[in-house]
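Subject: Handover of a structure and notes on its helix packing

Dear colleague,

Please find below the structure that I am passing on to you.

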Amino acid sequence: MKRRQVRKRSIRVLCYIGLALLNGGCIASSRVINGRLGMSTGPLRASLYNHLIGFGFLALLMLLGQLVMSWMSGGTTLNSLSQAPAVSYLGGVLGALFVAINSFVLPRIGVLRTTVLVIGGQMLAGVILDAGGESSGMLWKLAGVGLIVMGVYLSRKSSTGSQIREIDRHDEIKSKSAATNGR
């Protein structure tokens with residue numbers, strides 16, 4: 001019996017790992033898509049469209065989930081707003097800001113560099129948040145984050161010129177288009 005429980009737990013953990021990897025692929029893909037949208041509409045509009053469509057999708061999923069749960073329990077299970085503290089809802093603000101910043105930065109420095117820098121920022125924030133006032137080992141963790149950022153900087157040095165020319169060309173095309181439409 002114990003072996004069976006260990007096996008079930010292992011399968012569950014593998015499923016969680018698979019979902020985390022899938023989530024990483026979704027994030028990378030959405031960054032590229034939002035970056036392209038941001039180049040066309042601007043980063044704030046790209047973030048707005050992203051969140052409006054995401055809201056509609058999640059609202060539909062929640063409604064379907066509530067209907068299934070209600071049907072399965074034979075009653076109604078519609079929940080009111082959570083009893084979470086108000087500050088808990090700032091995650092949505094940070095998420096919207098994340099998408100807007102990503103939509104602006106990604107087309108300018110590329111997918112790989114943006115992703116690595118975002119992960120570096122997440123690691124830095126994680127180190128600081130996990131520390132909770134305790135400084136043991138903090139220096140090594142911060143040094144690791146610094147090495148990641150330095151690696152991105154060094155890889156950027158090799159292709160900065162061509163990337164800047166590409167951004168300038170895009171901005172030039174956009175300003176000519178705006179001048180033509182303004183006549």
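How are H1 and H2 oriented to each other? Before the answer, please note that the model is a predicted one. Helix H1 covers residues 2–41 and helix H2 covers residues 43–73. Their axes come within 7 Å and cross at roughly 130 degrees; H1 and H2 are therefore oblique to each other. The crossing of these two helices is right-handed.

On the H1 side, the residues in contact are Asn-34, Leu-37, Gly-38 and Thr-41. They meet Pro-43, Arg-45, Ala-46, Tyr-49 and Asn-50 of H2. Sorted by class, the residues of this contact are four nonpolar, four polar and one charged.

H1 also packs against helix H3, which spans residues 90–109. Here the axes come within 8 Å, with a crossing angle of roughly 80 degrees. H1 and H3 are therefore roughly perpendicular to each other. From H1, the contact uses Arg-31, Val-32, Asn-34, Gly-35, Gly-38 and Met-39. From H3, it uses Phe-98, Val-99, Asn-102, Ser-103, Leu-106, Pro-107 and Arg-108. The contact of H1 with H3 comprises six nonpolar, five polar and two charged residues.

The next contact joins H3 to helix H4, residues 111–131. The axes of H3 and H4 come within 8 Å and cross at roughly 140 degrees, and the two helices are therefore oblique to each other. H3 passes H4 in a right-handed crossing. Phe-98, Asn-102, Val-105, Leu-106 and Ile-109 of H3 touch Val-111, Arg-113, Thr-114, Leu-117 and Val-118 of H4. In this contact of H3 with H4, seven residues are nonpolar, two are polar and one is charged.

Finally, a word on the aromatic rings. How many aromatic pairs does a search of the whole structure find? The search finds zero.

With kind regards

Note on methods. Residues are numbered from 1 along each chain as its sequence is written. This is a predicted model: local features need pLDDT of at least 70, side-chain atom pairs count only at pLDDT 80 or more; totals for chains, interfaces and linings use all residues. Side-chain values use heavy atoms; hydrogens and water are left out. Rings of Phe, Tyr and Trp (its six-membered ring) pair if their centres lie within 6.5 Å; planes under 30 degrees apart count as stacked, over 60 as edge-to-face and the rest as tilted. Axes are lines fitted to C-alpha atoms, for helices over the stretch in contact, and angles run from 0 to 180 degrees between N-to-C directions. Helices (H or I, at least four residues) and strands (E, at least two) are DSSP runs, numbered from the N terminus. Angles under 35 degrees count as roughly parallel, over 145 as roughly antiparallel, 65 to 115 as roughly perpendicular and the rest as oblique. A crossing is left-handed if the near helix is turned anticlockwise from the far one by less than a right angle, and right-handed if clockwise. Contact means heavy atoms within 4.5 Å. Ala, Val, Leu, Ile, Met, Phe, Trp, Tyr, Cys and Pro count as nonpolar, Asp, Glu, Lys and Arg as charged, and the others, Gly among them, as polar.
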